[in-house]
Amino acid sequence: MISFSVTALVFGVVLLAELPDKTALAGLVLGTRYRASYVFAGVAAAFAVHVALAVAAGSVLTLLPQQIVHALTGVLFLGGAAVLLTRKDEGEEEIRKPEDQSFWKVSGAGFMLILVAEFGDLTQIMTANLAARYDDPLSVGLGAVLALWAVAGLGIVGGRALMKRVPLVLITRIAAVLMLGLGVWSLWEAVAG
């Protein structure tokens, strides 16, 4: 059974954390060079792999005593908030142009770019934390993958318009505050539990 509240929370947190990340820029660059649907297919597949790995890692954490899980996730969320608050804007990723515009070349380029660039990324770690925290891998996985697909779609189709209207600094700050809140809450549960 899928929990709508867990899915919605994960969606919101991951979406806000990923919007100012390199993924939106990579999607924007790929989307301006190649057919959007081909790019999205590759990027979406890479994100599905990342979420599956993160949820599996988070599910392993649920085998530990709850106080330890809450303490670990609290510290990791606080660390994630610190990373968001202190990181500098990243430059454009170097994107190797496929030799032709075929589906497999373009989607493969998008898949490989995201697979490599996002491995061990903040949102992958955050997804593992959320899977451990809520012990609901299906709801967490669904929320995370939908958020990542939404960011990819926004980056590919409407990245320039979004970046003109909503300052990335604001999005980053909101994501950091949410992660800070989740970190404090998790640590409180570890101490109080």
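Is L146 buried, exposed or partly exposed? L146 counts as partly exposed, at 36% relative accessibility; buried means under 20% relative accessible area, exposed over 50%, and partly exposed in between (1.4 Å probe, protein chains only). This is a predicted model: local features need pLDDT of at least 70, side-chain atom pairs count only at pLDDT 80 or more, and totals for chains, interfaces and linings use all residues. Residues are numbered from 1 along each chain as its sequence is written, and side-chain values use heavy atoms, leaving out hydrogens and water.

- Beyond four places in sequence, V10 touches L130, V140, G143 and A144 (contact: heavy atoms within 4.5 Å).

**T7**
- T7 lies in helix α1 and is buried, at 10% relative accessible area.
- The T7 side chain reaches the backbone oxygen of S139 at 3.2 Å.
- Not counting residues up to four places away in sequence, T7 touches I2, S139, L142 and G143.

**Surface patch**
- I2, F11, L138, L142, L146 and W149 form a nonpolar surface patch, with about 480 Å² of accessible area together.
- Helix α7 supplies the largest share of the patch, four residues.
- L146 is in helix α7.

How values were computed:
Helices (H or I, at least four residues) and strands (E, at least two) are DSSP runs, numbered from the N terminus. A polar contact is a pair of N or O atoms within 3.5 Å; within protein, one must be able to donate a hydrogen and the other to accept it, and residues adjacent in sequence count only if both atoms are side-chain atoms. Patches are made of residues with over 30% relative accessible area and no salt bridge: like charges are joined within 9 Å, nonpolar side chains (Val, Leu, Ile, Met, Phe, Trp, Tyr) within 5 Å. Accessible areas come from the Shrake-Rupley method with a 1.4 Å probe; for residues, only the protein chains shown count as cover. A salt bridge is a side-chain nitrogen of Lys or Arg within 4 Å of a carboxyl oxygen of Asp or Glu.
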